[in-house]
Each structure stands twice: as C-alpha cells, then as structure tokens.
Amino acid sequence: MMTRAIRIHETGGPEVMQLEGLELEAPGPGMVTVVNKAIGLNYIDTYHRSGLYPLPLPTGLGLEGAGLVETVGEGVDLAVGDRVAYCSAGFGAYAEAINLPAVRLIKLPDGIDFETAAAMMLKGQTAEYLLQRTYALKAGETCLFHAAAGGVGLIFGQWASSIGASVIGTVGSPEKAELARQHGYRHVINYNTENVVERVLEITGGAKLPVVYDGVGKDTFEISLDCLQPRGLMVSFGNASGSPEPLDLQTLSNKGSLFITRPTMFTYTATPEELQRSSEDLFARVLSGDVRIEINQRYALADVQQAHRDLESRKTTGSSILLPQGLS
Ligand SMILES: NC(=O)c1ccc[n+]([C@@H]2O[C@H](COP(=O)([O-])OP(=O)(O)OC[C@H]3O[C@@H](n4cnc5c(N)ncnc54)[C@H](OP(=O)(O)O)[C@@H]3O)[C@@H](O)[C@H]2O)c1
C-alpha cells in the first residue's frame, strides 16, 4: 500500500524532515501493518534528527504511535482491526502507516483512546522503569526530577506522588511551576531564578536526596550530583540541554561514594514480558485516575518541523502528538 511518511536524508535542523510518499510492502512473517491514528512526539526524536544519536540514512523518524492493525503477516497473534500501540518497535512512526514486528505491539484496553496512547506509551513506560526499577522509590522518600512540566515529567510526578513519595521538580518558568504543582510535585524550583542545591538542602533539612532523575543533562549534571546524599543514585537519562561532560570517576568518590546509571527504556523493556508488564502497570495507573495524560500540543503530521521547533525551544508542556489525518 502507499503511505506518506516523514523521512530524513541528512541530519540537521527541523528543516531536514520532509513528508514523502512511500510504498509499504505487504508485512512478512511476524510483521503487521499498523495504520496510525496518533503519533507520539519525544525528545529522543530530535537526537535522531540532529545526529546526536546516529541512524543509518535515509531513515524514517519517530518511535511511538497508536492505531489499527491493517494487515497481518504469517504467524502473528493479532487480528485485522485490533487497537494497538507501540513505542519501541522500530523507527518511522511519523507516518500514516508503518510495518512493525507484532511482538513489540501492545493491545490497547477499551478505556484508552488512540491519542492518549500515543501521548503516553514511551513517556509512561519511562516513568515506570525509572521509579519502579532503576530505583524502587518508596512512600515517604523524597526525590528530584528535572524538567517536571515536560512529557515524562508530568507523568512521573503524578505516579511518584500516588505511591506516597515526595517529589521535588525543577522547571524553567512560573507557568510551568504551577503545572508541575498540579501534577504531583510537592516542591517546585525554577532553575532559571533559584539555586537548586540550596533549595534542596532547605527542603530536606540538610539531608539531601537518595536519588535524582536528570533528563536535562549538560546544564544540570553537576547540580544533580550536589543534591545527592552519600551513596545516593544519580539517574542520568537524557540530554535536553546537550550531553554532560565526560565524568572523572573520582568525582563520585569525592561527593560521597555516589552511584550513577545511564539507563534507557529499550533495555528495561527488551523482552516481550518486560514490555507487557511495563505497559500493564502504566495502563493500570491511567485507568485508575492516578495518572492523567496531558496532551497540550497537537500538530498535523505535515507540521512536524514546527513540533520539533516548539519542543526544542522549551515551548511545550506535557505530551505532544502528531495527527496523520490532520487537525479536526
Ligand atoms: N533514557 C530514557 O529511557 C528516556 C526515555 C524518554 C525520555 N528521555 C529523556 O527525558 C527527557 C524528557 O523527554 P520528553 O520527551 O518528556 O521532553 P520534555 O521534558 O517534554 O522536553 C524537554 C524539557 O527539558 C527542559 N530543558 C532544559 N534545558 C533545555 C534546553 N537547553 N533545551 C531544551 N529543553 C530544555 C525544558 O523544560 P524547562 O523549560 O522547564 O526547563 C523542556 O521542556 C529528554 O532528555 C529525553 O531524551 C529518556
């Protein structure tokens, strides 16, 4: 079948992304064709576009979407018309339709619509593994999460507070501070106007924190280490402000026998069992109302350049989605 997809032939700014016609082959064994109803926008897409995370070129972009199974290949345990979502099945989600391996697709429960699914699978599974498995956050513990009003941030704050943790968030504006407070953050620090380490010392009565989650990278890396108590865990999971400088291991010793990890969702959902369990935990949180998914930006697929510009210039909050059928 013919589809239209966003492709890049070279890395660079948002302008390298172009909408192209593409012939989609019939799905082979173990594969299915999904017609996307909504597509998730994630910060990692900008790293693939810019070349920070290199991909073989030319390539499609985008990791996350939700839609209907259109055609199934041999040996697939899904039926035409099934409602599915995905976020770690391959590149090229920025498209009207895509071929994907069936084992990486998740069937959607009735209570979750396509837009919500596309807005939450990657960001929600990230929140899931960060707070349940990278560090098992417990009721009564306090943690710090940077970029609290972002896509992962709004989900993380609600989920962590629903288990009784006390979450401190950082944000770049007063409006984002208010949004973070409405999504589970007990304390919010504007890192453009306040000293984060001093505020963390004040909030924790000098104790500092057992864990910091840092998806901002370069600009916050040192600050994050300084917010940790001895033997605390630094979770560096993204680079929205650029990659952190290389780390001298001695720094971890000097700052109090710190631990550090650089996790990615892909290793935490590598097996079909882990993928399924992570998705089910996320669905349960959303269906129970513990976590509300905020879709604060919607774009037509053809307007993806603007979507990337907005994300990279810190104009967005919560989740952003692309709509292959356009804005209604
Ligand atoms: N490792 C993993 O498994 C994994 C999975 C998902 C996401 N991530 C990472 O998690 C982070 C959040 O992802 P997301 O998709 O939810 O994005 P997002 O948080 O919605 O957007 C990024 C936010 O980072 C903040 N930021 C700070 N300095 C920035 C700068 N120089 N340029 C742009 N933004 C800056 C901005 O918030 P303020 O204006 O409030 O500062 C911005 O809104 C990203 O780093 C992403 O790569 C990692």
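Reply: Two strands are taken as paired if DSSP finds at least two bridges between them, and the elements themselves are DSSP runs numbered from the N terminus (helices H or I of at least four residues, strands E of at least two). The model is a predicted one, in which local features need pLDDT of at least 70 and side-chain atom pairs count only at pLDDT 80 or more, whereas totals for chains, interfaces and linings use all residues. Residue numbers start from 1 along each chain as its sequence is written.

On these terms, six strands make up an open sheet with parallel pairing, and their order across the sheet is β11-β10-β9-β12-β13-β14. At its edges are β11 (185-190) and β14 (259-261), each of which pairs on one side only. From one strand to the next the twist averages 20° (angles run from 0 to 180 degrees between N-to-C directions, and axes are lines fitted to C-alpha atoms, for helices over the stretch in contact). Within this sheet, β9 (residues 142-145) is joined to β12 (residues 209-214) by two bridges in the parallel sense, and Leu 144 stands opposite Val 212 of β12. Helix α4 (residues 174-181) packs on the sheet and touches both β10 (166-171) and β11, its direction making about 165° with that of β11.

The other sheet to consider is an open one of three strands, antiparallel in its pairing and ordered β2-β1-β4, with β2 and β4 as the edge strands that each pair on one side only. Strand β1 (residues 2-8) is joined to the antiparallel strand β2 (residues 18-23) by six bridges, with Arg 4 having Gly 21 of β2 as its bridge partner. Towards β4 (residues 59-60), which also runs antiparallel to β1, there are two bridges: Arg 7 has Gly 60 as its partner, and Ile 8 has Thr 59.

The chain as a whole is divided into domain 1 (2-120 + 272-323) and domain 2 (139-262), with bounds that come from an automatic or database domain assignment. Their C-alpha centres lie 28 Å apart, and the contact between them takes 12 residues from each domain (a contact requires C-beta atoms, placed from the backbone, within 7 Å). The side of domain 1 that touches domain 2 has three nonpolar, four polar and five charged residues, where Ala, Val, Leu, Ile, Met, Phe, Trp, Tyr, Cys and Pro count as nonpolar, Asp, Glu, Lys and Arg as charged, and the others, Gly among them, as polar.

The ligand draws at least three shell residues from each of domain 1 and domain 2. Of the 30 residues around the ligand, those that come nearest are Gly 150, Gly 151, Gly 172, Gly 215 and Gly 238 (near means a C-beta atom, placed from the backbone, within 6 Å). Two or more shell residues come from each of α1 (43-50), α2 (114-134), α3 (151-162) and α10 (304-312). By class, the shell holds 13 nonpolar, 12 polar and five charged residues.

Two of these helices, α1 and α10, also pack on each other, at an angle of about 110° and with their axes 10 Å apart, which means that α1 is roughly perpendicular to α10 (the class for angles of 65 to 115 degrees). Tyr 43, Thr 46 and Arg 49 of α1 make this contact with His 308, Leu 311 and Glu 312 of α10, giving two nonpolar, two polar and two charged residues.

Methods:
Parallel < 35°, antiparallel > 145°, perpendicular 65-115°, else oblique. Contact = placed C-beta atoms within 7 Å.
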